[in-house]
Amino acid sequence: MTRFEYTTIEISCKVGFTKVSADVDKLNLEFNKMGSQGWELVTCATIGTSGVSQQIYYTFKRPI
């Protein structure tokens, strides 16, 4: 049976008056770094208030 290890990274969103954004270039760099180390994205979850996401948590796994 394949066993896995897991890790989670947190990305904070920029909350403006009319929109919420994240630095997509930074996110792509981080995802590519994780992928090159054998990590696979399995889920993401948001934390926020009043329907506005303030943090996004990405969980990755890789075989051990």
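## Contacts and the overall fold

Contact here means that heavy atoms lie within 4.5 Å. In this predicted model, Ile9 touches Glu30, Phe31, Ile56, Tyr57, Tyr58 and Phe60, leaving aside residues up to four places away in sequence.

The chain holds one helix and five strands, and when it is read along the sequence these elements follow the pattern β-β-β-α-β-β. Of the contacts in the chain with a separation of 6 or more, 58% are accounted for by residues 24 or more positions apart. The chain has 64 residues, of which 16% count as buried, and it exposes about 4,900 Å², with carbon and sulfur atoms supplying 51% of that area.

## The nonpolar core

Which residues make up the largest nonpolar core? There are nine residues in this set, namely Ile9, Ile11, Cys13, Leu27, Met34, Trp39, Ile56, Tyr58 and Phe60. At least two residues of this core are supplied by each of strand S1 (4–12), helix H1 (24–36) and strand S5, and the largest share, three residues, comes from S5. In soluble globular proteins, nonpolar side chains tend to be buried together.

Two of the residues that Ile9 touches beyond its sequence neighbours, Glu30 and Phe31, fall within the range given for helix H1, residues 24–36. Ile56, Tyr58 and Phe60, which Ile9 also touches, are themselves members of the core.

## Thr59 in strand S5

Thr59 lies in strand S5, which spans residues 52–63. Is Thr59 buried or exposed? With a relative accessible area of 18%, Thr59 is buried, because the cut-off for that class is under 20%.

The side chains of Thr59 and Thr8 are joined by a polar contact of 3.2 Å. Not counting residues up to four places away in sequence, Thr59 touches Tyr6, Thr7 and Thr8, and likewise Glu40, Leu41, Val42 and Thr43.

Phe4, Tyr6 and Val42 make a nonpolar surface patch of about 290 Å². Phe4 lies in strand S1 and is partly exposed, with a relative accessible area of 33%. Tyr6 and Val42, the other members of the patch, are both among the residues that Thr59 touches.

## Two salt bridges

The structure holds two salt bridges. In one of them the side chains of Glu5 and Arg62 meet at 2.7 Å, N to O, and this pair links distant parts of the chain, with Glu5 in strand S1 and Arg62 in strand S5, 57 residues apart. Glu5 is partly exposed, with a relative accessible area of 29%, and Arg62 is likewise partly exposed, with a value of 24%. Side chains of opposite charge can pair when their charged atoms come close.

What separates the partners of the other bridge, Lys33 and Glu30, within helix H1? Their side chains meet at 3.6 Å, N to O, and because Lys33 and Glu30 are three residues apart in helix H1, they are separated by about one helical turn. Lys33 counts as partly exposed at 41% relative accessibility, while Glu30 counts as partly exposed at 23%. Glu30 is also one of the residues touched by Ile9, which belongs to the largest nonpolar core.

Key: Residues numbered from 1 in each chain as written. Predicted model: local features only at pLDDT ≥ 70, side-chain atom pairs only at ≥ 80, totals over all residues. Heavy atoms only, no water. Helix = DSSP H or I, 4+ residues; strand = E, 2+ residues; numbered from the N terminus. Buried < 20%, exposed > 50% of the residue type's maximum accessible area, 1.4 Å probe, protein only. Polar contact = N/O pair within 3.5 Å; in protein donor to acceptor, adjacent residues only side chain to side chain. Core = buried A, V, L, I, M, F, W, Y, C linked by side-chain atoms within 4.5 Å. Patch = residues over 30% accessible without salt bridge, like charges linked within 9 Å, V, L, I, M, F, W, Y side chains within 5 Å. Areas by Shrake-Rupley, 256 points an atom, 1.4 Å probe, with all protein chains shown as cover. Salt bridge = Lys/Arg side-chain N within 4 Å of Asp/Glu carboxyl O.
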